[in-house]
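Biologist: I would like a close look at the salt bridges in this model, and at the parts that they join. Please take them one at a time.

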Amino acid sequence: MSQPKQMQLSVLVVDDEALARSRLTNLLQRDQQVVKVLEASDGVAAINVIEAERPDIVFLDIQMPRLGGLDLVQALGAENMPHTIFVTAYDQYAVRAFEAAAADYLVKPFSDERFEQSMHRIKARISQSQPSQLGPHILDAAVRSGGFWRRLVVRSGGVVRFLSIGDIDWIEAANVYVTLHVGRHEYLYRIALSHLASKLDPSRFVRIHRSTVVNIERIKELEPISQGEYEVVMTDGTRLHLSRTYRLELEKLLGQPL
């Protein structure tokens, strides 16, 4: 009887500290099932490696300059992430928020035994053909202010861009994703409109249609159409439809009836 084929894994280590990368690389090279070990010193480089090499596993540092681990998830899209083990200096209580979304996490400094435990866990998940469980909820842990998101990380033309929430003029649904309108630029962002709307400051952003959210500071005027419906004229001249269904939300934000 032939023996089952041994699992062969490619693993990416993402950390801005060379010593931290070296430690993980050395541990991985001892594993006979790991046939390739890749490295990236920041999140931007990691995105390129993930797209080009499609590693099975990524050890992802949470805190890095330029682009941290959670920002990387935002930029690449949670659904495109390999099986992920977060590496962090946070204590075990702070990192619990990641447990449901990642295969595992390692708290620096970690022992060889703790590393082996993580590898055993992630191999079991891969062998059982369980998908990576990073989902939209992991983005809730990304940089926020006052409980609401204050920036988004998007990819455009191969460049990773940091967008301040306040710079967004309006947002429209684009099938299961959204299009962000920022000045004369448009960016596709991989998230549902309803989920993104729930993460925006309601004193600044308001939904005017089932497929449209606007930045209240970019509204120039409202023009009545008929039967309680209006056209929302933005400062750049864009005209958007305010439906009766969402009129009350705008009135609450304005503090007066239309």
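Biologist: What is the relative accessibility of Glu229, and does this residue count as buried or exposed?

Modeller: Glu229 has 18% relative accessibility and therefore counts as buried (buried is under 20% relative accessible area, exposed over 50%, partly exposed in between, with a 1.4 Å probe and protein chains only). The model is a predicted one, in which local features need pLDDT of at least 70 and side-chain atom pairs pLDDT 80 or more, while totals for chains, interfaces and linings use all residues. Residues are numbered from 1 along each chain as its sequence is written, and side-chain values use heavy atoms, without hydrogens and water.

Glu229 is paired with Arg244 in a salt bridge, with 3.2 Å between the closest N and O atoms (a salt bridge needs a side-chain nitrogen of Lys or Arg within 4 Å of a carboxyl oxygen of Asp or Glu). Arg244 belongs to helix H7 (residues 244-254) and Glu229 to strand S16 (residues 229-234), so the bridge ties together parts 15 residues apart in sequence (helices, H or I of at least four residues, and strands, E of at least two, are DSSP runs numbered from the N terminus). Arg244 is partly exposed, because its relative accessibility is 46%.

Side chains of opposite charge can pair when their charged atoms come close. The whole structure holds 15 salt bridges. One of them joins Asp15 and Lys108, whose closest N and O atoms are 2.9 Å apart. Asp15 sits in the loop between strand S1 (9-14) and helix H1 (18-29), and Lys108 in the loop between strand S5 (104-107) and helix H5 (112-127); the two are 93 residues apart, in distant parts of the chain. Asp15, at 1% relative accessibility, is buried, whereas Lys108, at 24%, is partly exposed. Both belong to a salt-bridge network that also includes Asp61.

Another bridge links Asp71 with Arg151, at 2.6 Å from N to O. Asp71 is in helix H3 and Arg151 in strand S8 (residues 151-156), so this pair connects parts 80 residues apart in sequence. Here Asp71 is buried at 7% relative accessibility, and Arg151 is partly exposed at 23%.
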